[in-house]
Amino acid sequence: MTSQIDITDDDLRFEEEVLREPYKLKGWLRYIDHKRASNSGGRSVTVLFERALKRLPGSYKLWKQYLEHRLSLLQTKNAALCNEDYRRVNLCFERALLLLHKMPRIWIMYTGLMTRQPDVSAARRVFDRALRALPVTQHLRVWPSYLRFARRVGGIVAERVYARYVQMWPDRAEEFIAWCVAQGRWAEASRRLIVEIDSGRSGSAWRRLAQIMRAQPEAVAELRVEAILRDGIARGRGAGELWTALAAHFVARGLVEQARDIYEEAVVKVDSVKDFAMVFDAYAAFEEAGVAAALESEAERVAKGKAGDLMMDLKLLRLERLMDRRPFLASDVVLRQNPHSVAAWLKRVSLWREKNDEARIVETFEDAVLRVVPAKASGGSVAELWLAYAEYFGASNRAKEYRDVMDRAVAAPLGSKEELVDLYVAYAESELKGGNIESARRVLTRATAHTAKSLRVWALLIDLEEGAGSVAATRAAYDRVLELRIATPQTIVDYAQFLEDHSFFEDSFRVFERGISVFGYPVAIDLWNVYLARFVKRYAGEKLERTRDLFEQALSGCPAAYAQSIFLAYGRVEEEYGLARRALRVYERATQGVAREKKLEMFKYYAAKTAELLGLPATRAVYERGIAELGDNDAVALVLDYAKTECRLAEIDRARALYQYAAPMGVDMWAVWHEFEVQHGNEDTFKEMLRVKRSVQAKFNTDPKRLAALEVEKQAQRAAALAAMQVDDSAPGPANPDALDIDDDDL
């Protein structure tokens, strides 16, 4: 072998090394690298590789570099013109694969070489051998180049390759389908989409399949298009698009009547508004296309002088009828989607009312009340359906039919008791509107038996008895409401007013007492206020002791938060019918019996009434007691009123003393005191006011200017302290008495 290459002096040491150790890989690699670096030519490197492989035939590293070297020699050569060179390299790969057939990189290089050659079958066989030789985990390294080769070749080869690929990797079928669509292989694409549908891996497969079958009817003629699409419709996968695709498929095949039958079937079977809109629009476009074609045909006949036919009128009639049916078809879809929608049923009734078709209206109402389940009703209640049904007859004054419907309604299953109450109330109000008092009474009497706890029914019955019945019947109705414990405070007031209007005053008062015992506070306070006001109005001062007992009874259990109105009313009664001293004692009790936040108001009212009844001097005791009992803020307000009272009595010194008393309470009252001193004081009293003001401000630090001055003073002190610390740090420390003073001359 050495005679086939030129060995230079530089090669001798490498040659000696490989001869000395022929089975050592590093020696051969160093020799090969040296040959490459010395530009000895491709043939010399090739011969050297062959020598090395004879010694080390199982070396992957050596074979890989050799094959890369041989491939580099083919880069500038055309596979068709240099077939022999390519064949020799192929043989090199075959020799390498005898021992290295599990190495995916060798196979990838080999398949890459084969795809550059014109022999498609040979390349395909190499790819197949690679897939058979390598483990499955390594197949993904081969398939990308295999698929690129298949797409470049196309035709049946690509289809078979993709089929094998999808068989191995089913989740990547989209690549095959996309290739089929791009190549116009519609039948295969449809078959693959059907497989995807059956496997449930693709959510959009039905839509894509429908598009293909609509657009390419001839290409998919070998498939059972109608059976496939109907299966999709039965599964509920995009029914609107599948129906339109099926109809379009028949149209493309020229089967117009079958397409119309499909559209008719679709509009009555789709169960969503979206699908209905899609199908109806396609149906309308289909009929419009038929009308346009008929117009063209008619124009041609006229141009040829032939007589027209009835086809044009028939197509126009079909289109008009279809458009008239649209709202009813849409209503059918909504009801198929939710047969318990009350709003949808009422909308359907309104459609038939526009057509003035009574038979259809009654039929729709009957279907509605039969099909709507009360527990599932939406968009309204079953009671609304029954009321609309009855009102349809009531609007035309057909009383018998109205009563029949309402009698059925109150006996039918309903969603709740409130719906039954709505029906009875509407039934009774309709009878009252027609002047049938007895019928209304019978209805309400029956309602109280079925809905005994409904205050609405009882209230309507009470109103009826008050207006057209007897006093005894009305009282019986009110008493029954109280027994059932469904009365409201307004019911108590109305009952008492009714008795009062009929001169049953004592009974009226007993009703109030009964209501107060039922309702607790705060509701009872309103009843007490009405009760006491009416009692006082009725008896005035005739039964003063009884009146006082009622007020005392009202106050005995009343919380302080609600007692003020009763105290005030009690005091007014004493003022008007009793003694002034008793009235003032009531107001004095009120200052103790009301809530804390209302005591100031009560003391002021007490003082005002004392001044009115006994004169201004008598208010001093009220003010002094209030100032002693109230907190600082409220006490200051009372002090200011007290001071004004003293001014009115010309007691200036007492008023000034009050201002001095209130000053330490910490409330800003200096403007009022200042105005007082300007009007009534002198220089000494004014100075005294200023002295007190300064002392109070010093105590509470309420003057903003003083607070600012104090803050400035504190900042100045902090700055001075900081400066002193800095000076101390820079000063020298104390001298050491034991330190030695040594000069340079002493050293």
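This is a predicted model: local features need pLDDT of at least 70, side-chain atom pairs count only at pLDDT 80 or more; totals for chains, interfaces and linings use all residues.
Residues are numbered from 1 along each chain as its sequence is written, and side-chain values use heavy atoms, with hydrogens and water left out.

Select Arg95 and Glu50. They form a salt bridge, with the closest N and O atoms 2.9 Å apart. (A salt bridge here is a side-chain nitrogen of Lys or Arg within 4 Å of a carboxyl oxygen of Asp or Glu.) Arg95 is in helix α5 (residues 83–99) and Glu50 in helix α3 (residues 42–55), so this pair links distant parts of the chain, 45 residues apart. Helices are DSSP runs of H or I with at least four residues, and they are numbered from the N terminus. Glu50 is buried, at a relative accessible area of 17%, whereas Arg95 is partly exposed at 36%. For these words, buried means under 20% relative accessible area, exposed means over 50%, and partly exposed is in between, using a 1.4 Å probe and protein chains only. The structure holds 39 salt bridges.

Now pick Tyr263 and Phe286, one of 29 aromatic pairs in the structure. Rings of Phe, Tyr and Trp (its six-membered ring) pair if their centres lie within 6.5 Å; planes under 30 degrees apart count as stacked, over 60 as edge-to-face and the rest as tilted. Here the centres are 5.5 Å apart and the planes are at 40°, so the pair is tilted. Tyr263 belongs to helix α15 (residues 256–267) and Phe286 to helix α16 (residues 273–304). Both are buried: Tyr263 has a relative accessible area of 5%, Phe286 one of 13%.

Next, select Phe328 and Trp352, a tilted pair with 4.4 Å centre to centre and 40° between the planes. Phe328 is in helix α17 (residues 311–337), while Trp352 is in helix α18 (residues 342–355), 24 residues away. Phe328 is buried at 12%, and Trp352 is buried at 13%.

Stay on α17 and go to Arg326. The helix bends there by about 45°, and a proline, Pro327, follows within four residues. (The bend is the angle between axes fitted to the seven residues ending at a residue and the seven starting there.) Buried residues of α17 include Leu319, Leu322 and Val333.

**Stop four: one turn of α19**

Select Glu363 and Arg360, a salt bridge with its closest N and O atoms 3.8 Å apart. They are three residues apart in helix α19 (residues 358–371), so about one helical turn separates them. Glu363 is partly exposed at 40%, and Arg360 is partly exposed at 38%.

**Last stop: rings and charges**

Show Phe509, Phe512, Trp528, Tyr531, Phe535 and Tyr539: ring pairs link them into a cluster. A charge sits over a ring if NZ of Lys or CZ of Arg is within 6 Å of the ring centre and within 35 degrees of the ring normal. Arg475 lies over the face of Phe504, at 5.1 Å from the ring centre.

Conventions:
Helices (H or I, at least four residues) and strands (E, at least two) are DSSP runs, numbered from the N terminus.
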